[in-house]
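We will go from one stop to the next.

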Amino acid sequence: MIIKPRPLTAEAFKPFGQVIQTNGHTPVMINDGTTERYHALAGVDVGEGGGIISIFRGSRRPLEIKMMERHPLGSQAFYPLEKAQWLLVVSQAERPGPGVLEAFVATGEQGVQYAKNTWHHPLLVLQEKQDFLVVDREGAGENLEEIFFDAVRVELP
């Protein structure tokens, strides 16, 4: 028996699941205009509340941390689609700001899952642009809190 593959299209694959791609989708600009969010490219069947898969295309920005965000209703995962280092800034403090931030350099083969309610900086890429597969919550309720403070500069090793 021989199987002849055909081109993968959303319509042809529909009986089996969803095709995840940015082509044909219009991005929404987020993170102070530094990230293109290709929102909800596929759903995640996790029961009530639901989750989504998106692709974020981050752009390099100055490494001055002036704000943090958290998501009180669900976790959020980022996995790079290119083998390039990227930066994470997080805090366990109830009120993040200067003196209570931690930074990590991730390889292009490391993703993270931010736990629910974890303060983190929006996507920080170290090259001109970098794509990430993102899995997070979709549903009712306010799932974004932001806090602003005096700038903290990140010094790379």
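**Stop one: a loop asparagine**

Select Asn 31. Asn 31 is buried, with a relative accessible area of 16%. Buried means under 20% relative accessible area, exposed means over 50%, and partly exposed lies in between, using a 1.4 Å probe and protein chains only. Asn 31 sits in the loop between strand E1 (28-30) and strand E2 (35-44). Its phi is near 55°, a positive value in a residue other than glycine. Most residues other than glycine have a negative phi.

Before going on, note that this is a predicted model, where local features need pLDDT of at least 70, side-chain atom pairs count only at pLDDT 80 or more, and totals for chains, interfaces and linings use all residues. Residues are numbered from 1 along each chain as its sequence is written, and side-chain values use heavy atoms, with hydrogens and water left out.

**Stop two: another loop asparagine**

Select Asn 117. This residue is in the loop between E8 and strand E9 (119-120). Asn 117 has a positive phi of about 75°, although it is not a glycine. Is Asn 117 buried or partly exposed? It is partly exposed, with a relative accessible area of 36%.

**Stop three: the whole chain**

Zoom out and switch to cartoon view. The protein chain has one helix and twelve strands. Helices (H or I, at least four residues) and strands (E, at least two) are DSSP runs, numbered from the N terminus. Starting at the N terminus, the order of elements is α-β-β-β-β-β-β-β-β-β-β-β-β.

Along the principal axes, the C-alpha atoms fill a box of roughly 65 × 35 × 25 Å. Of the 157 residues of the protein chain, 38% count as buried.

Contacts are next (heavy atoms within 4.5 Å). Take those in the protein chain with a separation of 6 or more: residues 24 or more positions apart account for 72% of them.

**Stop four: aromatic rings**

Select Phe 56, Phe 78, Trp 86, Tyr 114 and Phe 132, which form one aromatic cluster. Rings of Phe, Tyr and Trp (its six-membered ring) pair if their centres lie within 6.5 Å; planes under 30 degrees apart count as stacked, over 60 as edge-to-face and the rest as tilted. The whole structure holds four aromatic pairs.

Look at Phe 56 and Phe 78. Their ring centres are 5.6 Å apart and their planes are at 75°, so the pair is edge-to-face. Phe 56 lies in strand E3 and Phe 78 in strand E5, so the pair ties together parts that are 22 residues apart in sequence. Both Phe 56 and Phe 78 are buried.

Move to Phe 78 and Phe 132. Here the ring centres are 6.4 Å apart and the planes are at 75°, so this pair is edge-to-face. Phe 132 lies in strand E11 and Phe 78 in strand E5, so parts 54 residues apart in sequence are tied together. Phe 78 has a relative accessible area of 7%. For Phe 132 the value is 0%.

**Stop five: salt bridges**

Show the charged side chains. There are 15 positive and 20 negative ones, and the centres of the two sets lie 6 Å apart. Lys and Arg count as positive and Asp and Glu as negative; His and the chain ends are not counted. The place of a charge is NZ of Lys, CZ of Arg, CG of Asp or CD of Glu.

How many salt bridges does the structure hold? There are eight salt bridges. Each is a side-chain nitrogen of Lys or Arg within 4 Å of a carboxyl oxygen of Asp or Glu.

Select Arg 57 and Asp 131. Their side chains meet in a salt bridge (2.7 Å, N to O). Arg 57 is in strand E3 (residues 51-59) and Asp 131 in strand E11 (residues 129-137), 74 residues apart. Asp 131 is buried, with a relative accessible area of 15%.

Next, pick Glu 145 and Arg 70. The closest N and O atoms of this salt bridge are 3.1 Å apart. Glu 145 is in strand E12 (residues 145-153) and Arg 70 in strand E4 (residues 64-70). Glu 145 is partly exposed at 30% relative accessible area, whereas Arg 70 is buried at 11%.

Finish with Glu 109 and Lys 83, joined by a salt bridge (2.9 Å, N to O). Both Glu 109 and Lys 83 are exposed.
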